[in-house]
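Hi,

Here is the structure I said I would pass on.

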Amino acid sequence: MNYDISKDSLSVRKIEFEGCNEIPIDIDFSLPDYCPDIQRVLKCQICPNITSRSISGDRLNIDGNAIIRVIYTDSESMKVRCYENSMPFSSSVDIKCTPQDAFALTNARVEYINCRAVSQRKIDIHGAISVCATVFSKNTQEISSFISGKDIQQKLENIKVSDLIGIGQQQFSVTENLEFDGAKPSPELIIRTNMFLTLNDYKLMPNKILVKGEAILKLLYIDNIETGSTQTVEYTFPVSQIVDIPGIDETSKFVMNGEILGHEEQIISEGLDENSKKSISSEIRIAMTVMAYREKKVKIVSDAYSTEYDLTLMSEPFSLSNLSDNLSDSFSSKFSVKIPEQEVSKIVDVWSDVCSAKLQNKDKLELKGKINLCVLALDAENIPFYVERIVEFINEKPLKDLNLKTEEFNSEINIVPKSIGYTIPKDGKIDVKVNFEIRTALYSNEKYSMVKSVSSEGLKLQDKDCTATLMIYYASDGEKIWDIARKYYTSVNAIKSENDIEEDVIQTDGLI
């Protein structure tokens, strides 16, 4: 005979795909007539921008545009110059399934770049970028919550789960016009740009959430082509977006993720003559994603037996990834960058080219990563030179400060080098201080065993002694009453009642 098992349903976040696709960047181009000849290449950059992404059936399609920027010194005045080119790219990934209501998080990073000046007018570039994606969907997972049957004894385990309410995502564009009010001279040529997005606030509304943050744009530009003088400037402007998630309310727990898919800056002149007022137009493409959860208490049947019949019991392991904590923190790290054996007259700019990190549990929550520090400076003769160095950083946080339920966890890290400061060169090195901002969701990986099916052929228990009116058992300290009851085909309640025991575990050695 079969026993009926009652089921309960959980909504869970399922990762349908997670991986990267490497795309080669091979391009050569000649400088246009308005650019001066190359004396020496200082730095080549690839800035990959994602212009669109979509899920169609079992494929994730990503399109983008790689901006290739060459920073060099010209052969006549030995001043800093810059030229940009672009190359479109696309990536199509097989998700291996056709998920319903799926959403993707994407990013593109530079793997490597090699460039050389073939001549004073021609550049040859070879490199690669990786387009990485994680595809999520909302899935249903059934759990066994109760077994019907008078002869059935079952072990019910109470657990807390993160029941997924829904996933919401909104892509949008922001256009900002950056004015120069006299505090800084107007730009004539942009050398480089960096942009970061930080999320710092939210407002819950019925079935939706308003996410607020800041976009931080950093620029290095030339304000006078003839003299080659440079300026650095930073702009911060607010970003907000409403994301629809049916069912979200004030009791919900949620994870917010903001991605800058790409940004483009260009100089805008109000007139045709060289003295016309100039500004910089910045167009930013942003994706805002929110995953909302509701904490739910459920019971699962982790073990069962019959007091009358031989049972065929089928159990299976299953795991849940529960949202434990949202970590939002900032910290600073100090580094030293060795410079060539030459006198430095001026530091033009210091920035971070690459930043990657991972979290691991080593008695403490350890954040470990790498940052590529880039320094553009002038020597004693005011000739530009460039150095870079990859350095490691570590930041630790006590586990007691976090709400992690298990030692095993996974995380989704968003870390940005929000600001960089440096000292005047001394003893052949520059001391650099980087202020990081980190936002990460911590998911506890919790493992359970669950009874999947129960059946019996109706055969009475062979090894149960039905003649004894009293059975005495010597129990050891720490022994579970469930295990004793299961061994002798009785119930936990019967043992507790007969021996006036309240706990589920034997406290001292003795007879019961």
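The structure holds 2 disulfides, counting a pair of cysteine sulfur atoms within 2.5 Å as one. Before going on, a caveat: this is a predicted model, where local features need pLDDT of at least 70, side-chain atom pairs count only at pLDDT 80 or more, and totals for chains, interfaces and linings use all residues. Residues are numbered from 1 along each chain as its sequence is written, and side-chain values use heavy atoms, with hydrogens and water left out.

One of the disulfides joins Cys-20 to Cys-132, with 2.0 Å from S to S. The torsion about that S-S bond is about 105 degrees, so the disulfide is right-handed. Cys-20 sits in strand β1 (residues 5–30) and Cys-132 in strand β6 (residues 122–147), so the pair ties together parts that are 112 residues apart in sequence. Strands here are DSSP runs (E, at least two residues; helices would be H or I, at least four), numbered from the N terminus.

On to salt bridges: the count comes to 18, taking a side-chain nitrogen of Lys or Arg within 4 Å of a carboxyl oxygen of Asp or Glu. Among them, Asp-37 pairs with Arg-121 at 2.8 Å, N to O. Asp-37 is in the loop between β1 and β2 (38–56) and Arg-121 in the loop between β5 (103–117) and β6, so this pair ties together parts that are 84 residues apart in sequence.

Then the cavities. A search of the whole structure finds 4 of 30 Å³ or more. A cavity is a set of points on a 1 Å grid over the protein atoms alone where a 1.4 Å probe fits but cannot get out, and lining residues have an atom within 4 Å of a point. Grid points are joined across faces, edges and corners, and a volume is the space filled by probe spheres set on the points.

The largest cavity has a volume of about 110 Å³. Its lining includes Leu-199, Asn-326, Glu-412 and Arg-439. β11 (253–269), β17 (409–422) and β18 (429–455) each supply at least two lining residues, and β11 gives the most, with 4. By class, that lining has 5 nonpolar, 5 polar and 2 charged residues. For the classes, Ala, Val, Leu, Ile, Met, Phe, Trp, Tyr, Cys and Pro count as nonpolar, Asp, Glu, Lys and Arg as charged, and the others, Gly among them, as polar.

The second largest cavity holds about 70 Å³ of space, and residues lining it include Asp-329, Phe-331, Lys-397 and Ile-438. Two or more lining residues come from each of β13 (312–338), β15 (364–379) and β16 (384–398). The classes here are 6 nonpolar, 1 polar and 3 charged.

Most residues other than glycine have a negative phi. Met-78, though not a glycine, has a positive phi of about 60 degrees, and it lies in the loop between β3 (59–74) and β4 (80–94). Asn-382, also not a glycine, has a positive phi of about 60 degrees, and that residue is in the loop between β15 and β16.

Cheers

Definitions and conventions
On a 1 Å grid over the protein atoms alone, a cavity is a set of points where a 1.4 Å probe fits but cannot get out, and a pocket is an open set with protein on both sides within 12 Å along at least five of seven lines; lining residues have an atom within 4 Å of a point.
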